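Please keep the sequence and the model in view while reading.

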Amino acid sequence: MADMIRAATPITNKNIVQPMREHHDADIAPFDLQDPSKIVKTLPDSELLKQNNGNIEKQTAPEILLDLLKDPSVTVNFIKNIMMLQEIVGVISMQNAPVTEEIEQLFSQLAVKPENLAQELVRQENSSTAFKGEVFDFLRNMVKENPSPELKSAVTNMLKAINTENCKSEILKALSGTMKYLSQALAPNKELSAKLENLSVRFRAVTAEAEFPQLKKETAEVMQDIEKSIMFSNKLSCLTSMVTYNLSRYNTNKNFLKDAASDLMMFIKDEPKKASFLQKLYNTISSHSNGENSSKVLDALVKILEKQTDSESVMQMRGESVENVIHSLLSSPSNFTPLLHFIIPIDDGQTKAFGEMWINPDEENKKSSKNSQGEPVRTIHMLLVFDIPDMGRFETELFVQDKKIDLSVMCPASMQDKMSELSSQLRDCIKFSEYKFDKINISKLEKPRSLIEVFPALPQKRTGINVTI
């Protein structure tokens, strides 16, 4: 008879603490047993997961910008807020507070006359991207004719050099502004605040470029002092990180642009082409440094914001207007908001109209028509919002395919009949061009729409890769 297997009680160490299993209530089961393909509720995170994912629960910058795009007041109203600031400035001046001639001049520059509107729109369009102009068209044609890895590398290096050269002054201004803000934020620490104030002045000085290595060293040391301060916070951590990033962007190599141009010209065999490239490069750098392509409206707007934020009287009386303007600017074109954005304040001498225009130059539309080769026709989607005193808000939406335009105008109820009468005149207005209206729809504006409602594909573009399998 075979021996029976004896089972002994396992030896355990009583000093070992057994891990506690997390208890999950059966009432909150994540799957429906009747239909396991649907998730009813996600399992609650363990304490460890909550600790690791704590930062995820906070709202990130893209989410904040997405919330802004869902707010209809982001459009057009911010120009009205600027005009409210102008009224506030006038009230302050009546109270004998100092109002400089520069501020009044800035407000006068903000509005555009109708005859200058087209030129202003071109300026704003030119400033919408850093890589626009003759020299960049020249580089694109070179790569198109010779798509070799060596040439692409030389072109990439050339783009870096141009961007570095154009951004030097902006980087110094950004560093100076951040130093000034940190100096005010750390005012209780007299010694640290004084160092930051001194750095702010030196970054704006004419000698900043020559002294940059020393400024960079001193700034890095001050950032370490800030991190050791008892006043250090998450907000200050973001600013110190931004300072470190801007310091790393500044290239002190004075021959970077020259060397990049020399490497690129090795691929240009034709001597006239070399001369043409150098002339285009010179024009691009000089026009940027002189601000020839900059928008007069945007320049005036930035300066007005700077003046108003420095005025305690204005911030106390109408600080929310400044915040609304900044929020609107935050939703301007970026990698999170791939739309062309135009600011259109018009003053014809009798009436002031405040407008904004948003353009998606490549609208993804599955219903778009196709050309003779069976390829989808490019669709340009535009939203033009105007607020006219004593009339109300107008929202004009356009879809442009090939040379055909579908127009939709939403206006106040009191203006609906008038706009319907003008629809026939609109067709006559563009007879001189190759474009023509296909459909024109005039309707009542029930409520202001947000950018997300008009451009529903924006959230998909902002979340990353959009792939259909």
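This is a predicted model: local features need pLDDT of at least 70, side-chain atom pairs count only at pLDDT 80 or more; totals for chains, interfaces and linings use all residues.

Residues are numbered from 1 along each chain as its sequence is written, and side-chain values use heavy atoms, with hydrogens and water left out.

A pair of aromatic rings is described by the distance of the centres and the angle of the planes. Here, rings of Phe, Tyr and Trp (its six-membered ring) pair if their centres lie within 6.5 Å; planes under 30 degrees apart count as stacked, over 60 as edge-to-face and the rest as tilted. The count by this rule is three aromatic pairs. The ring centres of Phe203 and Phe212 are 6.5 Å apart with planes at 65°, so this pair is edge-to-face. Both Phe203 and Phe212 are buried (under 20% relative accessible area, with exposed over 50% and partly exposed in between; 1.4 Å probe, protein chains only).

For Phe212 and Tyr250, the centres lie 4.0 Å apart and the planes at 25°, so the pair is stacked. This pair links distant parts of the chain, 38 residues apart: Phe212 belongs to helix α9 (residues 212–228), and Tyr250 to the loop between α10 (234–249) and α11 (256–265). Helices (H or I, at least four residues) and strands (E, at least two) are DSSP runs, numbered from the N terminus. Tyr250, like Phe212, is buried. Phe203, Phe212 and Tyr250 form one aromatic cluster.

Phe399 lies in strand β6 (residues 392–401) and is partly exposed, with a relative accessible area of 27%.
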